[in-house]
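Here is a short tour of a helix pair and a pocket. Take a look at the model first, and then we can walk through both together.

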Amino acid sequence: MKNLYEILAMIRSRPGMYLGQRSLTALSGFIGGYSFALGENGIFYGEETPPFTQFNDWVARYYKWYESTAGWKNIILREVGDEAKACDVFFELFELFKQRFPVVKHRVFLNQNHKSTGAIYRRICIDGIEKELDSPKEIRIVQYTTDSGFYRFDVSQAGEISEIGYFETEKLVMEEVNREFKVSLDEWEASNTI
């Protein structure tokens, strides 16, 4: 089974064949349908690097929008104005986006002294039942090459890695982790690994 990045490479070469027309709205609908079908069928396909989930915020930062709530499709359409041209611009931006590689800048391993302070909402609701999330065993500060900001990733006790959010500076990530788990600055290990 092809992943999203492989499918987008096929679409780029022949958008009319796959989408019916060269249109950013049609492409967005295709991507949404693909993601929906995977979810409905319980198919988990390992995330690409960088994960497509970051594309929305990346496009907003690229165009210097204050926030990304409009979504990548609407941002590109607003900036470009034409459906066919916007579809071409999507693929140009997507190529730039894919050139980013993650570099772990700092990491901290939590221990029994790092209990959740409750300052950050760490709950999930499944079938109407609210559950407290377990504390991660490790927190990483990651910077993607070509990006100016930083991402926080939590590593669960089972080793699953989750993106928590984007921050303008490393200091902001460290401050949030301190509020949440009382991790001091001297507990962070400097790193520079991919």
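For the angles below, axes are lines fitted to C-alpha atoms, for helices over the stretch in contact, and the angle between them runs from 0 to 180 degrees between N-to-C directions. Please keep in mind that this is a predicted model.

Let us begin with the helix pair. Helix 4 (residues 55-62) and helix 5 (residues 72-80) have axes that come within 9 Å of each other and cross at roughly 25°. Because angles under 35 degrees count as roughly parallel, helix 4 is roughly parallel to helix 5. The crossing of helix 4 past helix 5 is left-handed. On the helix 4 side, Phe-55, Asn-56, Val-59 and Ala-60 make the contact, and they meet Trp-72, Ile-75 and Ile-76 of helix 5. Sorted by class, this contact has six nonpolar residues, one polar residue and no charged ones.

Now for the largest pocket, which holds about 450 Å³ of space. Its lining counts 21 residues, and those nearest the centre are Arg-122, Leu-133, Asp-134, Ser-156 and Ser-162. Which elements each supply at least two residues of the lining of the largest pocket? They are listed here.

| Element | Residues |
|---|---|
| Strand 2 | 123-126 |
| Strand 3 | 129-132 |
| Strand 5 | 150-155 |
| Strand 6 | 161-167 |
| Helix 7 | 170-181 |

Strand 2 gives the most to this lining, with three residues. By class, the lining of the largest pocket has ten charged, seven nonpolar and four polar residues.

Methods:
Residues numbered from 1 in each chain as written. Predicted model: local features only at pLDDT ≥ 70, side-chain atom pairs only at ≥ 80, totals over all residues. Heavy atoms only, no water. Helix = DSSP H or I, 4+ residues; strand = E, 2+ residues; numbered from the N terminus. Parallel < 35°, antiparallel > 145°, perpendicular 65-115°, else oblique. Left-handed = near helix turned anticlockwise from the far one by under 90°. Contact = heavy atoms within 4.5 Å. Nonpolar A, V, L, I, M, F, W, Y, C, P; charged D, E, K, R; others polar. 1 Å grid on protein atoms, 1.4 Å probe; cavity = no way out; pocket = protein on both sides within 12 Å on 5 of 7 lines; lining within 4 Å. Points joined across faces, edges and corners; volume = space filled by probe spheres on them.
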